[in-house]
Amino acid sequence: MTATEYDIAIIGAGIVGSSLASHLAPHARVLLLDRDLAVRGSSGHNPGFVGQLNRLPPLTELARRSVRAYSTVPGGFENSGCLEVALTKPELEMLRARGALARASGMKATLVSQAEARRLAPAFVEDCVGGLHFPDDGSADPKVLAKHYQAQAASAGATLLAADVLAFKEGAVETSEGVIKAKRVAVCTGIWGTQLLPLPMAGAVVVGQGYAYSSTRRPRTASPIIRWPGVQVYGRDHGDRDGIGSYDHAPVHVPTSDIGGHSTAASAWNKAFTGALARALALLPEQTAARFYGRTLAGTGTEDAAAAIIQAREAGRAHAFNSLFQVTSDGYPLVGRVQDGVYAI
Ligand SMILES: Cc1cc2nc3c(=O)[nH]c(=O)nc-3n(C[C@H](O)[C@H](O)[C@H](O)COP(=O)(O)OP(=O)(O)OC[C@H]3O[C@@H](n4cnc5c(N)ncnc54)[C@H](O)[C@@H]3O)c2cc1C
């Protein structure tokens, strides 16, 4: 048992734990623990899309404040904008309503024509009936931000420790480096939450989703983040390559036993993603899609496209992986006290 007693032990140094540590360090004795302080959890895999509009006004405000804070960190936030694309008239009406909600919340949002949508994102948009452009959205770099907040916490006096947390009980955290006294514990372990807290307390389950990167290309004028809300697909310009993700498949639950004790949020490919990604790639102009497949697929069906994704993955031409997410039953964030002195975030 170490002699120091901390006011709070924060378990997990991803974007959440690192940010919490930087906020608390000026006011308390803080210990920030992670089995790998290099930010290899979800915060290390995340394309970082920050869409600020939420149906709940406090969450819109939280996202706006986050963007303001991220923008002060060098490399922390890229203001690329976001374009939501409608494939049908009813989807366009939905975007019209979202635009009105955004403007009522003080955000900039403009309904754009098909031609304007293509002009804003020529590498991503082909067929559509229009779109909604949010010029102030963009992408954060959670790895840069987490490292920045870790450094800020350390300079305000927090202790950073690379250690695996095995368990905690009242007043103490049991780690691979020994038992450490702490009055309170904040569990910020993302998808590993259920390994330390029983599921009803962790309050969220882990699901997988396919995300793919194209082969590299020459940098071009940066594209806004693209979302096709009607078909649950999103895409991102990563500078020298493109990325695409799709939720358009039955939920793929990943049990705690499959997540393991490693520190990466990427896992084995699940074949449910192949068809979803093939449908997603069919939304893109042929030239962009070809960089995911490693060849042109003009005129071929979804089955061929699915086979091409698997081939491209196996040949190392496209990096497609199973990204693990934690989801709550209502889709909203989970923050709070789970028992005396223990908080889950
Ligand atoms: C591919 C992908 C795409 C995403 N896209 C977006 C997006 O576009 N926009 C968006 O807002 N969100 C996105 N997300 C979600 C977002 O990344 C997460 O919500 C966020 O990073 C969670 O941060 P965190 O700090 O809670 O978790 P993490 O970053 O996973 O940090 C948890 C940390 O806890 C540590 N840990 C766990 N258990 C222990 C233990 N027992 N002992 C010690 N350390 C432990 C891990 O090593 C890890 O570093 C995406 C996620 C993925 C995987």
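Predicted model: local features only at pLDDT ≥ 70, side-chain atom pairs only at ≥ 80, totals over all residues.
Visitor: Which atoms face each other where an oxygen atom of the ligand comes 3.2 Å from Ile15?

Guide: On the protein side, a polar backbone atom of Ile15 sits 3.2 Å from that ligand oxygen. A polar contact here is a pair of N or O atoms within 3.5 Å; within protein, one must be able to donate a hydrogen and the other to accept it, and residues adjacent in sequence count only if both atoms are side-chain atoms. Residues are numbered from 1 along each chain as its sequence is written, and side-chain values use heavy atoms, with hydrogens and water left out.

Visitor: Where does the ligand lie relative to domain 1 and domain 2?

Guide: Between them, because domain 1 (5–46 + 142–203 + 330–344) and domain 2 (79–138 + 205–327) both give residues to the shell around the ligand. Those bounds come from an automatic or database domain assignment.

Visitor: And how do I read an aromatic pair?

Guide: You describe a pair of aromatic rings by the distance of the centres and the angle of the planes. Rings of Phe, Tyr and Trp (its six-membered ring) pair if their centres lie within 6.5 Å; planes under 30 degrees apart are stacked, over 60 edge-to-face, the rest tilted. The whole structure has 4 such pairs. Tyr247 and Phe325 make a tilted one, 6.2 Å centre to centre with 55° between the planes.
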